[in-house]
Amino acid sequence: MMIDCKLEIAEAKIERCFSEKCEKKTKKTRGTQSTWQKYRRLFSVVAFVSCIYGCESSTITRAKHGLNATGDGTCQLVVMLPFTDTRKGPPQNIAKNGVTHHGRGVWPDAETLSKNSYALMASAQLAANHFNEKDSSVVPELAGHNFQTCSVRFSDIIFLDTSHREKIAANNFIDLLLNNTSICAVVGPETPKAIDGLGILADSIPVIDYGSMDNRFSQKDEFPALVRIFPDMRIFAEAMAKYLGNTMLNRKYVSIISDHSDYSTQFESFIRPLEGALGLNLITANVLENSIKSIDNAISVIVKGGHNTIVLVTEQPALLEHIARMADEKGLIGENYFWVIAGRSLPRAYLERLRAAPNSPLDRMLKGSAVFRIIDPFMYQRDMDRFLINWMAQDSSLVSQLNSLHPLKGNNPFQVDYFVGTDNYFQMNDPAPLSSYIYDSVILTGISACELLMSEEKIPAKLEITVNEILGTRFLGASGNVSFEEGNNGRSPGGLSAYGVYNIRHGDIVNGLRGFDSSLTAIYQGSGWDKISATEFTYYDETTSQPTPLRTTNSNFLATGRHVVGLTLMGMAIANATGCCLWIWLMRNNKKILASQPEFLCVLCFGSAVTAASIAMISFDESYGWSVNALAHGCKALPWCFFIGYLIMYGAIFSKLSRTNQVFSFRRKKVEINRVVRPFLVVLMLSITVLIIWTAINPLAWVRMENKNDPLATSGKCESVNFSPLPFFITLMVMIVMVTISLLAILWQTKDIQDEFVESNWIFYGILAHLQAWVMALPIWFGIDSGSTNVIYLTAVVFLFIFSTALVVLVIWPKIFMWAHTKIYGESNNSKMRPRINLSGDKHVHISGLRSSQEGISHPIQPDTYKEQVSHLFAENSELKKEILELKQGKKTQLGNSQGEELPHS
């Protein structure tokens, strides 16, 4: 087409056209660029012709729109398909992965592209023939009386080659308008940009979108001339979210790599609102065209996010190899990862010809991955699909008709070889993807024209098919139930099988390069996913089990070194308690051990061992082979070991001191063990009751939780299952505080009694050590980040070690040292037991562990005689010291007199 005018004049007329008559169509913008600015460079002279005729001549499109119902009722349909790709000149096979590279994307060779469009052309012409013949073998509605008597029929369809370029698509369409062609509807073109521009040029001629998912075209106010027979991006995003979310795989943690195309942007905008409802946690990383650095940055974002399910949504298949290489460098390819690829990121024809070196990043990334594709019903129900059955029944007459209508016949500027069918074409070739949607687009136009004609009271001279008429049409077509959502131009998803999940698997290796196969494993039925029973999805490890874990996180497992330290300290504490108890038992007849009441000392050692066992309950996690159930049992046992062990230790010391105090207070002549342990047993039973209730209704369980300050880190710890454990913890702590205060009180009462009986100082130091342990541990536990597993563990181990060993070491070890000193150096003067107190005549106080000739006391000592007897005791003690000193100096003259005297007893 040649237009004899200067570009400046053309642009001036275009600007005036868009600012006046076409103002409504220029409101829509993409970013900050108006429709005029967007298409000024694309259309130039073409847009000039459109606006000249559209604005100054009452629109050529409106004058030539409609069908001649008063004559033969023919409807001229235009179908626009990409038979060639001239974005960078004629397609050429480039020896890289076996595919052709064109600008932004990667496309198949010319023969494959032409063959695919030939199949779509065959589907459109088959639909026109079926409608003209009122053949209801595919569309049952055509058998109705109204359609059988309808005079509307299609003439031979005009097929236009878009060459994958918006300008060529618009140019060829304008040629038709200038040739006074009467057009009733347009099916196509294939790309969103071409559809966008054609929607402006077509004016009131309906343009049926058969395969674009661009959601903008569903907006009736913005695109009044468009009708989309294919579901938009909203439904695609919903389908993918349901597949990955809690209704299918429940992958939960998903990362999305996308570019800045409308395809990717719309996908993100529609999947985000579904995040919460479908249990998804999404991370998005963007890549830029021709920017390797942006790919590296995007992969780094994915690594930082830690999500092991990665979705690739881009219109640039050429990015696959770069993404695979960088993902492999970052460790994002392997049996722990699941790659999901949107259909346009990996076109069918591209995958069929794709070759990769075995074990290369691309080879491993595609292994076990999933591809979401547009599907037709004939792809999964071959034996029952009416469209496929009719397709295979066609003969050479339709092939001849198609070859005569081929748009490249006699109009091939690049002299590109194109595909033409042979006599057995329909028996040897399956329909191309989207064939059922092309078929239904043609049928939709014809049925809408018939319904419009039947609604008229008389046959008009010219009948125009309107978008509103098309949107009100309903029928069962090759792609399922065809109906449209109220209020927009989009097709309703009900009864539609529009998407499928293909499992990519390794193919054969030829000439050192591997090919790839794909199998349909699930289909989306408009409301949910159904698995294909004949095929199982196999993942990277060649099993049907999903990759785990869902996230690559810092699990903060307990380090082996800390684990060994904790168990070593626990072993030392238990060994210490066991050894001390064994020594006490062996030395139970020693007078000093008898005075210390060995029964209570052994109970103290038992409580120490029980407390030390708490360390074992916190010294394991999943990294040591323990199951969650086994770890949960350890969590349940933790409060039992700590609180019971604590109360046993303090109860033993309290009972021991209480018994001694009662004896030295001279309140009873004999103090039995069962009498002094009663308070301890009451507290112990109460604590056991609380622990039983705690374990029964709200037990501690092992849980692994995300750290608040680091979403990639998790920490395992013991947490209550149902509600906060504070009520039980506080109750037990109150008992511990009460027992501690009681012990401090009894220590104060017995502070003046000899150490051989009560060890008051040592016990006080032990309690002080426990209090210091609390003061040191609590700020660390509550102040440090929960992700610092090893720090928290070591703090807890040291805390439990101090609690379990302090009292045993401070109470029993001095006795062991004194015994060992005596064995080695003999009994020194200071080490001998002090003389027993002679209270009154032949009556003596009885203390467990001390033997005397007579037990008990008949009368309690009187206060007024206490000072006198104490003075007498000190006098006798002084005399004894003098005698011992004389013996050492060799003065034996008074030895005979002193041997006859009886030493007083205490």
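Tutor: Let's start with a term: a contact means heavy atoms within 4.5 Å. This is a predicted model, where local features need pLDDT of at least 70, side-chain atom pairs count only at pLDDT 80 or more, and totals for chains, interfaces and linings use all residues. Residues are numbered from 1 along each chain as its sequence is written, and side-chain values use heavy atoms, with hydrogens and water left out.

Student: Okay, how many contacts join residues at least 24 apart?

Tutor: Among contacts in the chain between residues at least 6 apart in sequence, the share is 74%.

Student: And how many helices and strands are there?

Tutor: The chain has 32 helices and 23 strands. These are DSSP runs numbered from the N terminus, with helices (H or I) of at least four residues and strands (E) of at least two.

Student: At what angle do α20 and α30 pack?

Tutor: Helix α20 (residues 560–586) packs against helix α30 (residues 789–825) at about 20°, and their axes are 9 Å apart. Angles under 35 degrees count as roughly parallel, so α20 and α30 are roughly parallel to each other.

Student: Which kinds of residues make up the contact of α20 with α30?

Tutor: That contact divides into 18 nonpolar, 6 polar and 2 charged residues.

Student: Switching to strands, how many bridges join β19 to β20?

Tutor: There are 10 bridges between β19 and strand β20 (residues 513–524), and the two run antiparallel. Isoleucine 509 stands opposite arginine 514 in β20.

Student: What about the hairpin of β19 and β20, which residue takes a positive phi?

Tutor: Asparagine 511 does, with phi near 55°, and the hairpin has 2 residues between the strands.

Terms used: Axes are lines fitted to C-alpha atoms, for helices over the stretch in contact, and angles run from 0 to 180 degrees between N-to-C directions. Angles under 35 degrees count as roughly parallel, over 145 as roughly antiparallel, 65 to 115 as roughly perpendicular and the rest as oblique. Ala, Val, Leu, Ile, Met, Phe, Trp, Tyr, Cys and Pro count as nonpolar, Asp, Glu, Lys and Arg as charged, and the others, Gly among them, as polar. Two strands pair if DSSP finds at least two bridges between them.
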